[in-house]
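Here is a walk through one protein model and its ligand. Keep the sequence and the 3D view side by side as you read.

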Amino acid sequence: MNSGYRLDGKVALVTGGARGLGAETARALARSGARVMVTDILEDAGRATAAEIDGTYMRHDVTDEADWERAVTTTVGRHGGLDVVVNNAGIETAALLVDCELADFRRVMAVNADGCFLGTKWAMRAMRPGGMAGAGGAVINLSSVAGLVGVVGLGAYCAAKGAGRLLTKSAALESARLGYGVRVNSIHPAVIKTAMGEDVVRSIAALGLAADVASAEALMQQMHPMGYGRPEDVASAVCYLASDAARWVNGTELVLDGGLTAG
Ligand SMILES: NC(=O)c1ccc[n+]([C@@H]2O[C@H](COP(=O)([O-])OP(=O)(O)OC[C@H]3O[C@@H](n4cnc5c(N)ncnc54)[C@H](O)[C@@H]3O)[C@@H](O)[C@H]2O)c1
């Protein structure tokens with residue numbers, strides 16, 4: 001699917017781009033004309049996605065600040081700039097709060113919240129005037145409907161995705177006030193059947209919130225007024241926010257849920 005937005009001449013970095021929403025986003029950015037750096041800790045899948053779109057792959061753990069510096073420097077060195085950073089890498093853990101281990105909470109915060117913070121920080125540093133890319137740009141943070149409303153069994157994930165939402169707004173304001181020319185926005189999808197989406201549905205049954213996986217599936221289907229989303233729904237939203245069509249869009253939360261949180 002073509003997003004309809006043009007990104008010719010732009011350079012994009014997509015974290016967690018090996019599979020799922022990140023891979024689909026990398027494909028859509030490339031189809032829209034961007035040169036894409038795919039980063040992930042999954043090396044074979046990351047290389048495969050990059051090869052498909054004539055992009056570049058680099059191993060990059062989003063929780064590691066030194067990795068961020070390398071990822072940004074390598075992207076600018078190889079592609080001559082950096083215009084779009086998609087902070088997509090994420091993990092979830094399903095547990096009732098009374099049973100949630102601190103180590104699991106911290107792991108989820110590290111990838112989703114620390115990763116989003118580091119990605120936003122290094123993107124803004126590189127894109128602001130005088131930075132190593134220096135031409136402004138767009139940062140797009142993958143939050144979730146779980147960053148807008150609470151979800152039973154996903155407390156750690158909600159905390160991490162909610163952190164990403166307000167970090168996005170602060171970064172957007174700071175960037176605008178300081179004249180960085182970097183727009184920062186977040187995207188909030190409901191369930192999309194990637195590996196993570198499948199896990200979320202299975203976890204409802206595993207936590208005893210539904211009798212079995214089939215009942216969990218029925219419950220989730222019923223919660224989504226327009227059914228589940230598709231990876232392309234996220235990819236085209238990213239292309240829009242990355243493009244000049246969104247030139248006045250900054251600090252917004254783009255909700256992709258078919259109306260789930262509208263009521
Ligand atoms: N699928 C959904 O239903 C859904 C809904 C709302 C939001 N999201 C968010 O969208 C994003 C993508 O989710 P997805 O469904 O494609 O998940 P996924 O599990 O299919 O893919 C996530 C990718 O992130 C990578 N990753 C994990 N930890 C990493 C780390 N430390 N450093 C670098 N890469 C790392 C994984 O290797 C994987 O390739 C996530 O931030 C997720 O929270 C997903």
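In which helix is Leu118 found? Leu118 is found in helix 4, residues 102-127. Helices (H or I, at least four residues) and strands (E, at least two) are DSSP runs, numbered from the N terminus. This is a predicted model, where local features need pLDDT of at least 70 and side-chain atom pairs count only at pLDDT 80 or more, while totals for chains, interfaces and linings use all residues. Residues are numbered from 1 along each chain as its sequence is written, and side-chain values use heavy atoms, with hydrogens and water left out.

Stay with Leu118 for a moment. Leu118 counts as buried because its relative accessibility is 6%. Buried means under 20% relative accessible area, exposed means over 50%, and partly exposed is in between (1.4 Å probe, protein chains only). Along the chain, Leu118 and Thr63 are 55 residues apart.

Now compare other positions. Val84 lies in strand 4. Val84 is buried, because its relative accessible area is 2%. Val84 and Met226 are 142 residues apart in sequence, and 30 Å apart in space, C-alpha to C-alpha. Leu148 sits in the loop between strand 5 and helix 5. Its relative accessibility is 28%, so Leu148 counts as partly exposed. From Leu148 to Lys193 it is 45 residues in sequence and 20 Å in space, C-alpha to C-alpha.

Is Asp54 buried or exposed? Asp54 is exposed, because its relative accessible area is 75%. This residue is found in the loop between helix 2 (43-52) and strand 3 (56-59).

Next, look inside. The largest nonpolar core has 29 residues. A nonpolar core is a set of buried Ala, Val, Leu, Ile, Met, Phe, Trp, Tyr and Cys residues joined through side-chain atoms within 4.5 Å. Leu29, Val36 and Ile140 are among those with the most contacts inside this core. Several elements supply at least two residues each, including strand 1 (11-15), strand 2 (35-40) and strand 5 (137-142). The largest share, 7 residues, comes from helix 8.

Finally, turn to the ligand. How many residues surround the ligand? There are 29, and the closest are Arg19, Asp40, Asn88, Tyr157 and Thr194. The shell divides into 16 nonpolar, 9 polar and 4 charged residues. Here Ala, Val, Leu, Ile, Met, Phe, Trp, Tyr, Cys and Pro count as nonpolar, Asp, Glu, Lys and Arg as charged, and the others, Gly among them, as polar.

Which helix gives the most to this shell? Helix 6 does, with 3 residues. Helix 1 (20-31) and helix 5 (155-177) are among the helices that each supply at least two.

Check the contacts in the view. A polar side-chain atom of Asp61 lies 3.0 Å from a nitrogen atom of the ligand. A backbone N or O atom of Val62 also lies 3.0 Å from a ligand nitrogen atom. A polar side-chain atom of Lys161 lies 2.9 Å from an oxygen atom of the ligand. Taken alone, the ligand exposes 830 Å², and the protein buries 95% of that. These accessible areas come from the Shrake-Rupley method with a 1.4 Å probe.

Definitions and conventions: Near = heavy atom within 4 Å. Polar contact = N/O pair within 3.5 Å; in protein donor to acceptor, adjacent residues only side chain to side chain.
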